[in-house]
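Please read them with the structure open.

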Amino acid sequence: NFAQNRLTEKECMMRAMYFESNRSSADGMLAVGTVVMNRLHDPRYPKSVCGVVGQKNQFAPGVLHKPMKEGRSKALAESVAEKVLHGARHPGVQNAKHFHTAGLRFPYNNMYYVLEAGGNEFYEKRRPGTF
């Protein structure tokens, strides 16, 4: 993928945070970044940050190429991305590899919610009845 090849890992992480969370929420950005890293360390997902963020139908449409127009939010995303790539994680995310917009509800019984941050709800997929 062209975009994936010319963006750095930090730029891909910034873009996921910028487009997927409330742009004023460092907490929400950190949570999104933690999900990206959780996926990166799972053999079922791509082996690079850009691969994870660019995976089809997983993150916001255009996440790797739409312009980031809000300077303060972009700067915040850059700062949080830097921290995540150096080991920072959101403790509330735990092992979650999924999130959706807060307030939505789905008829599945395998979604175990762990955190709400930055306008998103983070969850793990678990077999019903397991903890």
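1. Basis. The model is predicted: local features need pLDDT of at least 70, side-chain atom pairs count only at pLDDT 80 or more, and totals for chains, interfaces and linings use all residues. Residues are numbered from 1 along each chain as its sequence is written, and side-chain values use heavy atoms, with hydrogens and water left out.

2. Helix α2. Helices (H or I, at least four residues) and strands (E, at least two) are DSSP runs, numbered from the N terminus. α2 has 12 residues and spans 16 Å from first to last C-alpha, close to the 16 Å expected at 1.5 Å a residue (the expected span is 1.5 Å times one less than the number of residues). Nine of its 12 residues are buried, so α2 is largely enclosed by the rest of the structure (buried means under 20% relative accessible area with a 1.4 Å probe, protein chains only). The buried residues are Cys12, Met13, Met14, Arg15, Ala16, Met17, Tyr18, Phe19 and Glu20. Their cover includes α3, α4, α5, β1 and β3.

3. Nonpolar core. The largest core holds 37 residues, and Met13, Met17, Val36, Val49 and Phe122 have the most contacts inside it. A core here is a set of buried Ala, Val, Leu, Ile, Met, Phe, Trp, Tyr and Cys residues joined through side-chain atoms within 4.5 Å. Two or more residues come from each of α2 (9-20), α3 (26-40), α4 (49-53), α5 (71-85) and β2 (111-117); α3 gives the most, eight. Beyond neighbours within four places in sequence, Met17 is in contact (heavy atoms within 4.5 Å) with Met29, Val32, Gly33, Ala77, Val80, Ala81 and Val84.

4. Asn120. This residue lies in strand β3. Asn120 is buried, at 5% relative accessible area. Not counting residues up to four places away in sequence, Asn120 touches Glu20, Ser21, Val32, Phe99, His100, Thr101, Ala102 and Leu115.

5. Pocket lining. Which residues lie nearest the centre of the largest pocket? They are Gln58, His98, Phe99, His100 and Tyr123, out of 16 lining residues. A pocket is an open set of points on a 1 Å grid over the protein atoms alone, where a 1.4 Å probe fits, with protein on both sides within 12 Å along at least five of seven lines; lining residues have an atom within 4 Å of a point. β1 (98-101) and β3 (120-125) each give two or more residues to the lining, and the largest share, four residues, comes from β1.

Notes: Buried < 20%, exposed > 50% of the residue type's maximum accessible area, 1.4 Å probe, protein only.
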